[in-house]
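Okay, thanks for coming, everyone. Let me put the model up and then walk you through a few spots.

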Amino acid sequence: MAKRTAKKGSSKPVRLSVDRLQKGWPGPAGTRVRLATAADMDAVEALLDTAGARFIPALRSSVEQGTAGAALLAGLGGTTKTFFADFAHRAAGHAAMAEAMASVSLTLVAADSQDRPIGALSVTAPGTVIERALEHGYTNVQALTLRVAIGKVHGLAVAEEARGQGLASVLMKRAWQIYDQLDYFLLYGSFETDRDLGAFYKGCGYTVHAPGEGFLLERIGLPFGIHVGPDQCVFTRWRPPR
């Protein structure tokens with residue numbers, strides 16, 4: 001798809017493309033923010049481990065096989081309708097749950113001048129939301145469709161020597177742009193209260209809830225919410241009305 005740029009004075013965002021996501025965007029201090037590849041996986045796992053986030057083994061396999069984020073890429077290369085159709089096709093396959101999860105997961109890296117990952121972000125399907133939906137009587141198919149409406153920030157980390165340059169903010173910005181373009185309603189995540197990350201996530205455009213405070217999903221018609229313990233803070237970013 002040809003790149004579309006917003007006219008001067010227009011608030012319409014620039015449309016992202018598959019090519020741009022794969023090649024990446026220039027980032028702070030000579031870095032490039034791009035889609036993770038198989039060659040990045042050891043570094044990504046090591047980075048996320050420093051933040052206490054274990055990279056999902058099945059997702060690593062899909063990155064290595066080149067199928068991770070496939071539905072997202074289909075949508076960026078086409079339309080939101082293309083995205084939904086690609087996801088539905090994968091969800092109907094013999095390995096529906098695992099493949100569907102991986103197809104809407106996004107792994108981004110911030111690579112240095114030698115193309116070595118020094119920052120990583122993992123966004124996955126919202127496992128907790130899906131579990132709650134099933135507990136409330138939703139069918140497997142209904143619960144599965146929540147994967148094309150909600151994303152979970154699973155892990156975010158920057159190498160110690162590269163902190164303070166704004167890499168984490170850029171990773172979060174690009175992830176939001178991708179999911180927002182595909183008409184997701186919500187991105188959310190959580191962090192331990194002793195990590196004191198509230199100001200960071202607020203700066204990225206998220207609402208940071210008080211320790212132990214969850215949030216409701218009634219605005220997308222779900223009769224339940226997400227709850228966390230007193231040692232956790234949830235952050236949420238809803239798509240504004242269009």
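I'll go through the sheet, then the aromatic rings, then one serine.

This is a predicted model: local features need pLDDT of at least 70, side-chain atom pairs count only at pLDDT 80 or more, and totals for chains, interfaces and linings use all residues. Numbering runs from 1 along each chain as its sequence is written, and side-chain values use heavy atoms, with hydrogens and water left out.

We have an open sheet of eight strands, order 1-2-3-4-5-6-10-7, with mixed pairing. Strands are DSSP runs of E, at least two residues, and helices are H or I, at least four, numbered from the N terminus; two strands pair if DSSP finds at least two bridges between them. At the edges sit strand 1 (25–26) and strand 7 (207–208). Strand 6 (186–192) runs antiparallel to strand 10 (232–238), over seven bridges.

Now the rings. Tyr201 and Phe235 are stacked, because their centres are 3.8 Å apart and their planes at 10°; the rule is centres within 6.5 Å, with planes under 30 degrees stacked, over 60 edge-to-face and the rest tilted. That pair ties helix 10 (198–203) to strand 10, 34 residues apart.

Last one, Ser105: you'll find it in the loop between helix 6 (96–103) and strand 3 (106–111). Ser105 is buried at 3% relative accessible area, where buried means under 20%, exposed over 50% and partly exposed in between, with a 1.4 Å probe on protein chains only. Its side chain reaches the backbone oxygen of Met101 at 2.8 Å.

Note on methods: A polar contact is a pair of N or O atoms within 3.5 Å; within protein, one must be able to donate a hydrogen and the other to accept it, and residues adjacent in sequence count only if both atoms are side-chain atoms. Rings of Phe, Tyr and Trp (its six-membered ring) pair if their centres lie within 6.5 Å; planes under 30 degrees apart count as stacked, over 60 as edge-to-face and the rest as tilted.
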